[in-house]
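This note sets out, in numbered points, what may be read from the model shown below. Please keep the structure in view while going through the points.

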Amino acid sequence: MRTDFDRELEERLVRYAAIDTQSDENTGTKPSTAIQLDLQRLLLAELTGIGASEVRLTDYGAVLATIPATAEGAPVIGLLAHVDTAPQFHAAGVKPVVHRNYNGGAISFADAPGLTLSPDISPYLGEKSGHDIITASGTTLLGADDKAGVAVIMSAARHLLANPSIPHGPIRIAFTPDEEIGGGVDARLPADLAADFAYTFDGAAVGEIEYESFSADMATVTVTGVSIHPGTAKGKLVNALHLGSKIVQTLPHVTMTPETTEERAGFLHVYEMKGSAAKVVLKIILRDFELDGLAAKGELLRQVCATVQATEPRAEITCEIRAQYRNMRYWLEKDMTPVDLARAACRDLGIEPVSIPIRGGTDGSRLTELGVPCPNLFTGMQEIHGPLEWISVQDMAVATQLCLKLVERAARP
């Protein structure tokens, strides 16, 4: 079904996706990359242009704005999306392509002739015949994660400000940096947002109202070997690369990796290994829906490191594990008001809501932990973090309608 929002959403996503905003966990800055501010400054100008109030860029790189209330007594609702794209795949030089009136078959890519997107690869695509599908050109990700959420919130904000007869309470908007590297929710954001509850628009298929996420830890394993010239290395060299590889090989491969797990099963994921014979650094993410399962995975990793260390006492192996975010369910299940509101708004649109655990996390995971209940809502994004990423313009329009419906519903006496 075509809507009045389709063209606006398409234009916004194409405009935003073309701006490189990839985050980088290794910089130690806030935001982690200055290029994220290129989009943030554009959003500042656009928010000001549509008449939002209290528009500002924070010291930690988030854009905040307010849509003043048109109804009294309604809760303050936060709307969030993140501007950064994932560091796992190429994100510079994104060239969005709109495939109009999708015919249900295979989609090819101009810059990658051997690449194909089809319902066989992405079954949800098979439901989108007649939709306008947006992809990248084949060599980059698209960045619908989460620029689709940005486009949805901006379109809803523009509509609300242009139509003050729509009743709603105060709405606080936040566009965050660094969500993809776990840094989207600065400790100052809850107070700056000042919302009773909030929603991230960072989900997938139409109808998904998510209130449960992974709990997440991040591990850094450092292997320091003994370096010496290989010509005189007999009995002296301790190759850190060999030991690092032994750690990777000793971790479970069949039952506890992302590619071997689904539904409620957690995993350990070795996503980076850098170094030389002298020193190697492994980065590993640990994921589980329950805290005891997460702790068990951390203990397993430590045991593997200790076992490999015992095989070569001349090396030094350290394992540091730090918390990233926690399952938002632990807090939301105590008060499901924002979840129930989103579900009711979804049903108002004739869509039966579905709640499945997120095999990942959102800014809402951390924001909920810090005291602002924040479920996650769909945008339509699919096959994220890779060259097959795609989204339906019409799905984004449904997400925009949901956003408008829930803020209006929240204002009812």
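1. Leaving aside its neighbours within four places in sequence, with which residues is alanine 195 in contact? The model is a predicted one, in which local features need pLDDT of at least 70 and side-chain atom pairs count only at pLDDT 80 or more, while totals for chains, interfaces and linings use all residues. Residues are numbered from 1 along each chain as its sequence is written, and side-chain values use heavy atoms, with hydrogens and water left out.

2. Alanine 195 is in contact (contact means heavy atoms within 4.5 Å) with Val76, Ile77, Gly78 and Val372, its neighbours within four places in sequence being left aside. This alanine is found in the loop between α4 (189–193) and β9. Here helices (H or I, at least four residues) and strands (E, at least two) are DSSP runs, numbered from the N terminus. Alanine 195 is buried, with a relative accessible area of 12%; buried means under 20% relative accessible area, exposed over 50%, and partly exposed in between, with a 1.4 Å probe and protein chains only. Alanine 195 and isoleucine 77 are 118 residues apart in sequence, yet their C-alpha atoms are 5.4 Å apart in space.

3. An open sheet of seven strands has the order β1-β2-β8-β3-β9-β15-β10, and its pairing is mixed. Two strands count as paired if DSSP finds at least two bridges between them. The edge strands, each of which pairs on one side only, are β1 (53–57) and β10 (209–210).

4. Is strand β2 (residues 63–67) largely enclosed or exposed? Five of its five residues are buried, so β2 is largely enclosed by the rest of the structure. Val63, Ala65 and Ile67 point one way from β2, and Leu64 and Thr66 point the other way. In a regular strand, the side chains alternate between the two faces of the sheet.

5. Helix α10 lies across β3, β8 (171–176), β9, β10 and β15, running at about 135 degrees to β15. For these angles, axes are lines fitted to C-alpha atoms, for helices over the stretch in contact, and angles run from 0 to 180 degrees between N-to-C directions.

6. The largest nonpolar core has 62 residues, of which Ile77, Ile173, Phe175, Tyr199, Ile391, Met396 and Leu406 touch the most other members. Such a core is a set of buried Ala, Val, Leu, Ile, Met, Phe, Trp, Tyr and Cys residues joined through side-chain atoms within 4.5 Å. Helix α10 (residues 393–410) gives the largest share of this core, 11 residues. Apart from this core lies another, of 22 residues, among them Ala219, Val248, Ile284 and Val304.

7. A further open sheet has four strands in the order β12-β13-β11-β14, with antiparallel pairing. Its edge strands are β12 (267–275) and β14 (316–325), each pairing on one side only. Neighbouring strands of this sheet are turned by 20 degrees against each other on average, direction ignored. Between β11 (residues 215–224) and β13 (residues 279–288) there are 10 bridges, and the partner of threonine 222 in β13 is valine 281. Eight bridges join β12 to β13; a hairpin of three residues connects these strands, and valine 270 has isoleucine 284 as its bridge partner in β13. Helix α6 (residues 291–311) lies across β11, β12, β13 and β14, at about 155 degrees to β13.
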